[in-house]
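The stops below are meant to be taken in order.

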Amino acid sequence: MAPMSQEDLEWFKSTFHPIPRPQLPEDAIEYSLYLIPSDPAPAVTDAVAETRARLQEVQKSASELSKKWLKGYIWQREGFGLEITKENGITLLRGRTNYGDSIEDEWVIVYLLRELTKKHKDLWVKVIDSDGEFLLIEAAESLPSWLEPDVADNRVWIHDGQLVIIKPKHDRKKVTEKISVEDARKIIVEEPKRLMRSAKIEEEAFYRLRKYPQRISENMHCALVTIPRKIAYLLHQKPAYISPAVEAFYTRDPIALRPLKAKGTSNLTFPPEDLVTVSAKFTRVGYAQLKSQDFPAPQAWIGKLPSKTDRKAYARAETGMKVTCGFEMFVSDPQNQDKAAVREIKMLLEDIDTGDEKLPTDEEIKSWDHREDDEKWLDISYDDLESELRGKARDRSAKPGAFGDQNAQENLRRIVARFEEFLNDDSADIEGAHFLGESDTDDGDDDDELSSDGEDKDLGFHEGPRPSGRVEELDSESEEDDSQQIEELARQMEAELRPTGVLDLNDRSADKSAGKGKSVKGKAPMRTNEGPDQDDNSESEVDDAEADEDINVNLAKNLLESLQSQAGMPGPGGNLIGIMGMKMPRDDRG
């Protein structure tokens with residue numbers, strides 16, 4: 001074969017593109033663990049074998065941490081795991097976890113990884129999700145101006161329990177330097193002066209971990225449910241089966257529902273017979289998903305539920321019916337037949353049918369733990385909105401997730417800030433509603449968006465924390481359709497809220513200086529009960545703050561009442577909240 005000419009070589013270079021790694025799926029976190037000694041490692045006979053042995057030690061430590069902190073923990077979708085792999089000649093540990101709707105699962109993993117780096121001093125961890133460098137998004141308010149998304153890849157690491165950021169080679173206002181993993185590894189070893197450790201950035205990035213590991217157990221919820229004895233047996237064998245069953249119920253479609261629509265119970269794997277009441281452990285997200293769904297009793301369940309006059313028994317039976325239907329759909333759906341959990345369940349049921357295993361007796365079930373947790377964390381208290389927005393929870397002993405918990409306050413504040421931003425954005429039109437902290441460089445009215453040198457900068461990471469940990473962007477390909485939808489939803493929302501007076505932002509806001517009385521685009525509200533920089537002696541600022549809170553309370557109350565009036569059905573309030581990239585639980589109290 002004749003050698004390639006220079007022209008052919010240039011053509012080949014211009015047309016050859018390495019196959020990129022597949023993009024992370026939505027709601028997934030990927031973590032890569034590298035061994036990078038601070039000093040050059042002495043030569044060894046078999047460096048690869050030595051590295052593998054050290055990585056196996058890390059795997060063992062990870063297993064020990066999981067046993068210590070995750071005993072009885074149930075993952076929403078997938079669990080934490082590390083596998084030895086090789087990439088570009090480097091042997092490392094890697095794992096990927098799809099956490100579904102449970103953002104807390106993602107932070108449990110971050111906590112475990114941070115603890116691992118404390119135990120293994122030569123371990124450096126890189127963690128990303130479908131939003132990219134999400135730790136930087138969490139710390140958006142504290143980042144240096146040069147650190148923008150287009151240059152952030154491979155710069156953020158966890159080492160020795162700390163957040164480490166690789167600075168650019170040259171100190172410039174605008175940084176264009178991008179680095180690879182190989183570049184990062186080399187810098188860590190050879191240029192330690194480029195490693196930035198900031199207590200402020202780290203505190204913001206790891207803010208959700210401030211109550212760990214105690215918080216881990218609070219991600220679970222135990223409830224009494226009335227279910228067939230077969231399912232009670234399955235859950236006693238492996239409580240984690242509850243998660244795929246709940247997800248099957250929550251994401252059901254007409255095909256999955258077919259087994260439940262048939263007359264009679266002969267084709268059901270779990271007919272509503274031989275019912276027992278047991279305690280089941282759920283993830284909080286899963287339990288909320290189960291409780292929030294209106295689900296008429298299938299044909300086989302009609303007449304099986306107790307009278308609604310016995311509210312407690314009915315609630316347990318209704319929840320049990322949903323769990324049972326979830327198991328039925330999960331096991332019978334053709335697309336699930338290759339899943340490990342389905343194979344395991346079928347093997348357990350086969351053992352029962354053959355007599356190799358026996359179902360638990362009533363006496364045995366009585367000896368089980370029958371824990372039932374309080375459900376107050378599911379409630380939305382409209383009466384407490386004002387005190388919550390001002391950081392004055394009535395019950396300071398409230399559990400995390402209830403109003404009275406700082407996380408709930410922050411989420412509520414963010415929702416109000418986003419919606420208030422939309423209402424107050426005079427420059428927003430059909431093609432420019434700034435829902436998601438998008439930068440607006442057309443008018444330059446917002447001095448808070450200027451950098452220290454007076455340069456109007458793109459918001460990037462500096463757009464503030466994501467609502468519920470996620471930022472979603474409007475699809476540019478359907479921009480015209482989305483704009484029409486936004487305009488229509490805005491009209492409906494205005495018509496719904498106008499009679500309440502919430503849209504009449506009166507003279508209190510008119511008297512405020514620029515940047516006050518409404519949230520700055522892309523800036524998250526300040527956390528409550530924090531901030532040594534606050535000036536308690538400034539009466540005018542206190543008055544302004546109280547006036548702002550009054551507007552926020554009014555807005556939040558009417559917005560939530562609008563959501564409540566929908567009773568879980570589609571409507572302008574819920575649709576607009578969804579367009580803004582946020583979710584609100586339904587008020588199910590009736």
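What follows is a walk through helix contacts, ring pairs and backbone details in a predicted model.

**Helix 10 against helix 13**

Begin by selecting residues 242-250, which make up helix 10, together with residues 311-332 of helix 13; their axes come within 7 Å and cross at roughly 90°. That makes helix 10 roughly perpendicular to helix 13, because angles of 65 to 115 degrees are counted that way. Now show side chains: from helix 10, Ile242, Pro244, Ala245, Ala248 and Phe249 meet a set in helix 13 that consists of Lys322, Val323, Gly326, Phe327, Met329 and Phe330. Coloured by class, this contact of helix 10 with helix 13 comprises 9 nonpolar residues, 1 polar and 1 charged.

**Helix 13 against helix 14**

Return to helix 13 and select residues 340-354, helix 14, whose axis comes within 9 Å of that of helix 13 and crosses it at roughly 105°. That makes helix 13 roughly perpendicular to helix 14. Here Phe327, Phe330 and Val331 in helix 13 meet Ala341, Val342, Ile345 and Lys346 in helix 14, and by class this contact of helix 13 with helix 14 has 6 nonpolar residues, no polar ones and 1 charged.

**Other rings**

Select Phe282, Tyr287 and Trp377, which ring pairs link into a cluster. Elsewhere, Arg114 lies over the face of Phe206, at 5.1 Å from the ring centre.

**Backbone details**

Most residues other than glycine have a negative phi, and most peptide bonds are trans. Against that background, select Tyr212 and Pro213, whose peptide bond is cis with omega near 5°; Pro213 is in the loop between helix 7 (199-205) and helix 8 (214-217). Then go to Asn88, which has a positive phi of about 50°, lies in the loop between strand 2 (83-87) and strand 3 (90-98), and is exposed, with a relative accessible area of 60%. Finish at Asp160, where phi is near 55°; Asp160 is in the loop between strand 5 (156-159) and strand 6 (162-166), and is partly exposed, with a relative accessible area of 30%.

Terms used:
Residues are numbered from 1 along each chain as its sequence is written. This is a predicted model: local features need pLDDT of at least 70, side-chain atom pairs count only at pLDDT 80 or more; totals for chains, interfaces and linings use all residues. Side-chain values use heavy atoms; hydrogens and water are left out. Axes are lines fitted to C-alpha atoms, for helices over the stretch in contact, and angles run from 0 to 180 degrees between N-to-C directions. Helices (H or I, at least four residues) and strands (E, at least two) are DSSP runs, numbered from the N terminus. Angles under 35 degrees count as roughly parallel, over 145 as roughly antiparallel, 65 to 115 as roughly perpendicular and the rest as oblique. Contact means heavy atoms within 4.5 Å. Ala, Val, Leu, Ile, Met, Phe, Trp, Tyr, Cys and Pro count as nonpolar, Asp, Glu, Lys and Arg as charged, and the others, Gly among them, as polar. Rings of Phe, Tyr and Trp (its six-membered ring) pair if their centres lie within 6.5 Å; planes under 30 degrees apart count as stacked, over 60 as edge-to-face and the rest as tilted. A charge sits over a ring if NZ of Lys or CZ of Arg is within 6 Å of the ring centre and within 35 degrees of the ring normal. Buried means under 20% relative accessible area, exposed over 50%, partly exposed in between (1.4 Å probe, protein chains only).
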